[in-house]
Amino acid sequence: MKNCLKCFSATILCLLLGANQALVADETDPWDQAYSSDTKERFIPVELFTGGTWDGKHELSLQEVSKTACASSGGKSCDNYHITGPFKTESNDTKIEWAGDEIEYYRRTFNNRRTGMVESYFTINASRDGLVRIYDKRKRWGARTYSGLGSKFPLGYWKEGEVRVYPSREPTRIEIIELDGPQHCLKFRWTIGDGKSRNSDNIYTFCPRVGFTNVDHHDQP
């Protein structure tokens, strides 16, 4: 009888331990696994840009999202950036050849204090290592379309301090400033052309589950 009770108690203990281990596994944060101390690289998924839920897979895809992020600049109150999608274009008028006849994209809108409403379409770029605008509409210059050769946000595997240059209409440069900061936030510098034009030399911060949180303008006093 005592042996039976011992066996029963041991079985219950094993079940409880197993359940606890499964719970711990389920609670593992995928963002903890994005950085590799062996390779000194971090995988940057599309979900860091959108603020959406990431499943931890090292794959680049546009998952359904409807999210609002509030990003501040220069200590001012934050602006709301709305991201929805993905949607599809009716044709491919870019140089993103791998995308085929249609391009999946996210629509992002925000209300700029100086120029009013801004609407942009973002998709994975031609080199598949960043997100790029393929359409942008704002009061300052109306509607514009882009080739998809540049980059606005780094994707895939990057290293601390890494710099990449893209042959867009004006050469675009991305430099990683902080690859895996507090709360796994990413900070990078984006420069277009010589960086002397307004809003062409910025440092952006994006954080998991939130998306866009901050921008510092280097080209402004």
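This is a predicted model: local features need pLDDT of at least 70, side-chain atom pairs count only at pLDDT 80 or more; totals for chains, interfaces and linings use all residues.
Residues are numbered from 1 along each chain as its sequence is written, and side-chain values use heavy atoms, with hydrogens and water left out.

The lining of the largest cavity holds six nonpolar residues, no polar ones and two charged ones. Here Ala, Val, Leu, Ile, Met, Phe, Trp, Tyr, Cys and Pro count as nonpolar, Asp, Glu, Lys and Arg as charged, and the others, Gly among them, as polar. The lining consists of F49, R108, K152, F153, F188, Y204, F206 and F212. A cavity is a set of points on a 1 Å grid over the protein atoms alone where a 1.4 Å probe fits but cannot get out; lining residues have an atom within 4 Å of a point. Grid points are joined across faces, edges and corners, and a volume is the space filled by probe spheres set on the points. The search of the whole structure finds one cavity of 30 Å³ or more. The space in the largest cavity is about 60 Å³.

Strands were taken as DSSP runs (E, at least two residues), numbered from the N terminus. Two strands pair if DSSP finds at least two bridges between them. Strand 12 (residues 172-178) and strand 13 (residues 186-192) run antiparallel, joined by six bridges. K187 in strand 13 is the bridge partner of E178. Strand 13 also runs antiparallel to strand 14 (residues 201-207), again with six bridges. T191 stands opposite D201 in strand 14.

Two disulfides were found (cysteine sulfur atoms within 2.5 Å). In sequence order, the bonded cysteines of the chain pair 1-2, 3-4. C185 lies in the loop between strand 12 and strand 13 and C207 in strand 14, so the pair ties together parts 22 residues apart in sequence. Buried means under 20% relative accessible area, exposed over 50%, and partly exposed in between (1.4 Å probe, protein chains only). C185 is buried at 11%. C207 is also buried, at 11%.

The other disulfide joins C70 to C78, with S to S 1.8 Å. The torsion of about 85° about the S-S bond of C70 and C78 makes this disulfide right-handed. C70 is partly exposed at 31% relative accessibility. C78 is partly exposed at 36%.

Note on methods. Helices (H or I, at least four residues) and strands (E, at least two) are DSSP runs, numbered from the N terminus. On a 1 Å grid over the protein atoms alone, a cavity is a set of points where a 1.4 Å probe fits but cannot get out, and a pocket is an open set with protein on both sides within 12 Å along at least five of seven lines; lining residues have an atom within 4 Å of a point.
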